[in-house]
Amino acid sequence: MADAWVEATTAGRCLAARVSGAVDFQTDGVLRARFKELIARGDRVVVLDLSGVLL
């Protein structure tokens with residue numbers, strides 16, 4: 001199983017987050033913490049790219 005990770009980039013008030021790897025109950029805590037950290041940066045529009053998620 002590949003670990004899940006998030007690559008984030010910002011442009012103005014827009015935050016784009018590309019999620020890759022396996023997303024399941026085992027990676028939920030890691031992803032949840034990362035997204036909370038990204039959202040806490042400020043009031044932004046968040047765009048999720050899930051094309052790299054393994055099924």
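User: Let's start with valine 19. Which residues does valine 19 touch, not counting residues up to four places away in sequence?

Analyst: A contact here means heavy atoms within 4.5 Å. In this predicted model, valine 19 touches Trp5, Val6, Leu31, Phe35, Asp49, Leu50, Gly52 and Val53, once residues up to four places away in sequence are set aside.

User: Okay, and which residues make up the largest nonpolar core?

Analyst: The general idea is that a core is a set of buried nonpolar residues joined through side-chain atoms within 4.5 Å. In this case the largest one has 7 residues: Ala4, Val6, Leu15, Ala17, Val19, Leu31 and Leu38. So valine 19 turns up here again, as a core member.

User: Which elements each supply at least two residues of this core?

Analyst: Those are β2 (14-22) and α1 (28-39). Strand β2 gives the most to this core, with 3 residues.

User: Now something on a loop. Where is threonine 27 found, and is threonine 27 buried or exposed?

Analyst: Threonine 27 sits in the loop between β2 and α1. To judge burial, look at the relative accessible area: under 20% counts as buried. Threonine 27 has 10%, so it is buried. Leaving aside its neighbours within four places in sequence, threonine 27 is in contact with Ala4 and Ala22. Ala4 is also one of the residues in the largest nonpolar core.

User: What about charges? How many salt bridges does the structure hold?

Analyst: Here's the background: side chains of opposite charge can pair when their charged atoms come close. This structure holds 3 salt bridges. One of them joins the side chains of arginine 18 and glutamate 7, at 2.9 Å from N to O.

User: Which parts does that pair tie together?

Analyst: Arginine 18 lies in strand β2 and glutamate 7 in strand β1 (residues 5-11), so the pair ties together parts that are 11 residues apart in sequence. Arginine 18 is partly exposed, with a relative accessible area of 37%, and glutamate 7 is partly exposed too, at 33%.

User: Which residues does aspartate 28 meet in a salt bridge?

Analyst: Its side chain meets that of arginine 32, with 3.1 Å from N to O. When you see a pair like this, check the spacing along the chain. Aspartate 28 and arginine 32 are 4 residues apart in helix α1, so about one helical turn separates them. Aspartate 28 is partly exposed at 35%, and arginine 32 is partly exposed at 46%.

User: And what about arginine 34 and glutamate 37: how many residues apart are they in helix α1?

Analyst: They are 3 residues apart, so again they are separated by about one helical turn. Their side chains meet in a salt bridge at 2.7 Å, N to O. Arginine 34 counts as partly exposed at 24% relative accessibility, and glutamate 37 counts as partly exposed at 44%.

User: Last one, the surface. Which residues form a nonpolar patch there?

Analyst: Nonpolar side chains can end up on the outside as well, and here Ile39, Val46, Leu48 and Leu50 form such a patch, with about 370 Å² of accessible area together. Strand β3 (residues 45-54) gives the most to the patch, with 3 residues.

User: Where does leucine 48 lie, and how does its accessibility count?

Analyst: Leucine 48 lies in strand β3. Its relative accessibility is 47%, so leucine 48 counts as partly exposed.

Methods:
Residues are numbered from 1 along each chain as its sequence is written. This is a predicted model: local features need pLDDT of at least 70, side-chain atom pairs count only at pLDDT 80 or more; totals for chains, interfaces and linings use all residues. Side-chain values use heavy atoms; hydrogens and water are left out. Patches are made of residues with over 30% relative accessible area and no salt bridge: like charges are joined within 9 Å, nonpolar side chains (Val, Leu, Ile, Met, Phe, Trp, Tyr) within 5 Å. Accessible areas come from the Shrake-Rupley method with a 1.4 Å probe; for residues, only the protein chains shown count as cover. A salt bridge is a side-chain nitrogen of Lys or Arg within 4 Å of a carboxyl oxygen of Asp or Glu. Buried means under 20% relative accessible area, exposed over 50%, partly exposed in between (1.4 Å probe, protein chains only).
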